[in-house]
Amino acid sequence: MNEMILTTEQIIRSFPVAGGELTVLKGITLEIPKGSLVIIKGRSGSGKTTLLNILSALDPATSGEVLFRARKRTKKKPGGGAGKKAGAGGAGAGEGEMGESTEGLQENGTEEIRYSGLSDAQRDRLRRFHMGFVFQSVALVPIMSAYENVDFGLRTAGYQGERDPRIREVLAAVGLDQRMKHMPAQLSGGEQQRVAIARAIAHRPEIIFADEPTGALDTAAGLAVTQLFKDLTEKEGITIVMTTHDPGLMELGDVVYEIEDGMIQGMSS
Ligand SMILES: Nc1ncnc2c1ncn2[C@@H]1O[C@H](COP(=O)(O)OP(=O)(O)O)[C@@H](O)[C@H]1O
Ligand SMILES: [Mg+2]
């Protein structure tokens, strides 16, 4: 049986609206196997974005729990080895560890993280170091080349390794090694989305969340991006969770969850 990287238990999400409360997610329990492409499929308004925002620790659930088995990150000592300053309380530390506590560390090198117990700073670090993001509208910096966009992402994530070889590697992985110097405006929509994917995977996150990544692409480009995701799960061992309303992409998913009106209506794998 596959190891699960992310599991949820009875996620409920309600929003206050005029005259009461709107319950958008009505008890979502699901499992995301490590190294798989998981597709969350549903109509517009079914709750996909709300769910993805909770899975990626952007938005808290009203009730229920999310568990993430994150790779335990080892802290690199900066030069002199002075170690961590006392009294920092964990907030703002840039090395990628989840916090001061070593409780809950597993011997197999993963750390079980319960979202309900995280501080805002820990949520931020979880997102920045362990996760990558791809959106429907490609958010590349228009005045930066493909190469520079990926470089920018690596710097933002505080990547510790050598950047140049990693940038070339991920741009090659998305098939754009011949387009590294191109500016976004010189690339097609599908190619721009590939740059965004290269940027999302460059800092070696364990999981990518992609909210309707094919929504602005034509059918062929959308299929190609989904196929690329599938390849990346195999080649880079990364886990990818994507949402879509396009039934044509479902067969590429290792696991497909169908969501309807805030509930899981079907699961296939
Ligand atoms: N912050 C919010 N306040 C009130 N209603 C919301 C909020 N966010 C989402 N919703 C509602 O929740 C439902 C699901 O939205 P969403 O998760 O964006 O669906 P999808 O991504 O599947 O199109 C919609 O009816 C939407 O209007
Ligand atoms: Mg949405």
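The buried residues of helix α2 are covered by, among other elements, strands β5 (63–71), β7 (131–135) and β8 (207–211). Helices (H or I, at least four residues) and strands (E, at least two) are DSSP runs numbered from the N terminus, and a residue counts as buried if 20 or more other C-beta atoms lie within 10 Å of its own, as exposed if 12 or fewer do, and as partly exposed in between, with C-beta atoms placed from the backbone.

Before going further, note that this is a predicted model, in which local features need pLDDT of at least 70 and side-chain atom pairs count only at pLDDT 80 or more, while totals for chains, interfaces and linings use all residues. Residues are numbered from 1 along each chain as its sequence is written, and chains are lettered from A and ligands numbered from 1 in the order in which they are written.

**Helix α2.** Select residues 120–130, the extent of α2, and then pick out R125, F129 and H130, which are buried. These residues lie on the same side of α2 because they cover an arc of only 85 degrees around the axis, the arc being that of the directions from the helix axis to the C-beta atoms.

**The whole chain, coloured by pLDDT.** Zooming out, the protein chain has 6 helices and 11 strands, and 38% of its 269 residues count as buried. Of the contacts between residues at least 6 apart in sequence, 72% join residues at least 24 apart; two residues are in contact if their C-beta atoms, placed from the backbone, lie within 7 Å. The pLDDT, which is the predictor's confidence in each residue on a scale from 0 to 100, averages 87 over the protein chain, with 86% of the residues scoring at least 70. Among the elements, strand β4 (residues 37–41) has the highest mean pLDDT (98) and strand β6 (residues 110–114) the lowest (90). Where pLDDT is low, the predicted coordinates should not be read in detail.

**Strand β5 at F68.** Next select F68, which lies in strand β5 and is buried, with 25 other C-beta atoms within 10 Å. Leaving aside neighbours within four places in sequence, F68 is in contact with I5, L6 and I113. The C-alpha atoms of F68 and E112 are separated by 5.8 Å, although these two residues are 44 apart along the chain.

**Ligand 1.** Centre on ligand 1 and show F15, V17, L22, V24, G42, S44, G45, S46, G47, K48, T49 and T50, the residues around it; a residue is near a molecule if its C-beta atom, placed from the backbone, lies within 6 Å of it. Strands β1 (4–17) and β2 (20–28) and helix α1 (48–55) each supply at least two residues of this shell, and the largest share, 3 residues, comes from α1. Coloured by class, the shell has 4 nonpolar, 7 polar and 1 charged residues, where Ala, Val, Leu, Ile, Met, Phe, Trp, Tyr, Cys and Pro count as nonpolar, Asp, Glu, Lys and Arg as charged, and the others, Gly among them, as polar.

**Backbone angles.** Most residues other than glycine have a negative phi. In strand β1, select Q10, which has a positive phi of about 50 degrees although it is not a glycine; Q10 is partly exposed, with 13 other C-beta atoms within 10 Å. Then move to R204 in the loop between α5 and β8, another residue that is not a glycine and yet has a positive phi, of about 55 degrees. R204 is partly exposed, with 18 other C-beta atoms within 10 Å.

G161 sits in the loop between α3 (146–156) and α4 (163–173) and counts as exposed, with 11 C-beta neighbours inside 10 Å. A distance drawn between the C-alpha atoms of G161 and H203, 42 residues apart along the chain, comes to 8.9 Å. In α4 itself, I167, V170 and L171 are buried, and they lie on the same side of α4 because they cover an arc of only 100 degrees around the axis. Their cover includes α3 and α5. Just after α4, G175 takes a positive phi of about 80 degrees.

**The largest nonpolar core.** Finish with the largest nonpolar core, which has 61 residues, and highlight V150, A198, I201, I208, I240 and V241, the members that touch the most other members. Helix α5 (residues 189–202) provides the largest share of this core, 7 residues. Such a core is a set of buried Ala, Val, Leu, Ile, Met, Phe, Trp, Tyr and Cys residues joined through C-beta atoms within 7 Å. At A198, not counting residues up to four places away in sequence, show the residues it touches: V150, V170, L171, A173, V174 and L176.
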